[in-house]
Amino acid sequence: MKKRWIAMLLCMAMGLSALTGCSGGTDTTQAETAGEAGTRGASDSGDAASAGTAYRVLYSSEVETLNYLTSSSSVEQTVGANVIDTLIEYDNSGDMVPQPGMATEWSYDEASMTWTFKLREGMKWVDHTGTAVADVTAQDFVDALKYVLTPSYDSGTAYIVFDTILNASEYYDGQAGDADAIDFSEVGVKAVDELTLQYTLKKGAPYFLSLLTYVCFMPAYGPQLEEQGAGFATSADTMYYCGAYYIETYEPQVQMVYKKNTSNWDAEHVYI
């Protein structure tokens, strides 16, 4: 089963003058972290293919933010898809069969409309240098959803949460001053322990597992969200990464450089 192939590719550059931004050269660190399969698909980029360390491509649309928790743009959501893992993912058959991702198993209690997920042990958050900084825990999913449901951050995908998670819209409306405020503890998301996460639905949703691959259900490191607030993910060094890649460099209108995250739980199956 494949892990993931990078949709926006390993190294993207805007403008011919910026194409040196992800050069293999003599940089052995880049060669090690960019991914052993770097030549797959790089046949139309001569020196990158021969170096075997990078794939370069011009891109036509610039992202306005790296903040996957607030963006509703497909271009910007692709960033999240490449640098943040999700509870489940799909196999490469095209049949949309859920496979374990950050969660190894899950169950549904129909009476309480509660989904319970068991997370993998030892998953790491890394910074823009690829250095591990913290463990991924169930609380990171809770904190990320609270961020999505904070009106001042104006998440473009919060409506998806409104439709599915118990008391999500009520909490949002209360925080926005449109209704009596309720405490976030009443919203249907809870970290039972460090590696057990629960979602309680507001109504039956047989499609719920598929929603977990959406950006609004991705995790984020809680202490960083609290520290950065609206400044979260405005640059490569104001966010952490737990996915197949991390962003080493982000220069708007110039280049974005992704590198393979060797701390990812499934790094051996990350390909370009």
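**Figure 1. Helix H6 and its neighbours.** The buried residues of H6 pack against H4 and H5, where contact means heavy atoms within 4.5 Å and buried means under 20% relative accessible area, with exposed set at over 50% and partly exposed in between (1.4 Å probe, protein chains only). Helices (H or I, at least four residues) and strands (E, at least two) are DSSP runs, numbered from the N terminus. This is a predicted model, in which local features need pLDDT of at least 70 and side-chain atom pairs count only at pLDDT 80 or more, while totals for chains, interfaces and linings use all residues. Residues are numbered from 1 along each chain as its sequence is written, and side-chain values use heavy atoms, with hydrogens and water left out. In H6, the buried residues are Ala-168, Ser-169, Tyr-171, Tyr-172 and Gly-174. The helix is followed by Gly-177, whose phi is positive, near 85 degrees.

**Figure 2. Aromatic pairs, with Phe-162 and Tyr-172 as one of the examples.** The structure holds 14 aromatic pairs, counted when ring centres of Phe, Tyr and Trp (its six-membered ring) lie within 6.5 Å, with planes under 30 degrees apart called stacked, over 60 edge-to-face and the rest tilted. The rings of Phe-162 and Tyr-172 are edge-to-face, because their centres are 4.9 Å apart and their planes stand at 65 degrees. Since Phe-162 belongs to helix H5 (residues 158–164) and Tyr-172 to helix H6 (residues 168–175), the pair ties together parts that are ten residues apart in sequence. Both partners are buried, Phe-162 at 19% relative accessibility and Tyr-172 at 15%. The rings of Tyr-199 and Phe-208 likewise form an edge-to-face pair, with centres 5.6 Å apart and planes at 65 degrees. Tyr-199 is buried, with a relative accessible area of 0%, and for Phe-208, also buried, the value is 0%. Ring pairs link Tyr-199 and Phe-208 with Trp-106, Tyr-108, Trp-115, Phe-117 and Phe-217 into a cluster.

**Figure 3. The largest nonpolar core around Phe-217.** A nonpolar core is a set of buried Ala, Val, Leu, Ile, Met, Phe, Trp, Tyr and Cys residues joined through side-chain atoms within 4.5 Å. The largest such core has 70 residues, of which Leu-87, Tyr-199, Phe-208, Phe-217 and Ile-247 touch the most other members. Helix H4 (residues 138–148) gives the most to this core, with seven residues. Not counting residues up to four places away in sequence, Phe-217 touches residues including Phe-141, Leu-145, Ile-160, Val-161, Tyr-199 and Phe-208.

Figure 4. Beyond four places in sequence, Ser-71 touches Thr-65, Glu-76, Gln-77, Thr-157 and Val-215. The N-terminal end of H3 is capped by Ser-73, a side-chain oxygen of which lies 3.3 Å from the backbone nitrogen of Val-75. Within H3 (residues 74–83), Glu-76 is buried, as are Val-79, Gly-80, Asn-82 and Val-83.

**Figure 5. The hairpin of strands S8 and S9.** Strand S8 (residues 124–126) and strand S9 (residues 132–135) pair in the antiparallel sense over three bridges, pairing being assigned if DSSP finds at least two bridges between two strands. The bridge partner of Lys-124 in S9 is Asp-135. Five residues separate the two strands of the hairpin, and Gly-130 in the turn has a positive phi of about 85 degrees. Gly-130 and Tyr-246 are 116 residues apart in sequence, yet their C-alpha atoms are 6.8 Å apart in space. Not counting residues up to four places away in sequence, Gly-130 touches Tyr-246 and Ser-263.

Figure 6. At 23% relative accessibility, Met-113 counts as partly exposed.

Conventions. Polar contact = N/O pair within 3.5 Å; in protein donor to acceptor, adjacent residues only side chain to side chain.
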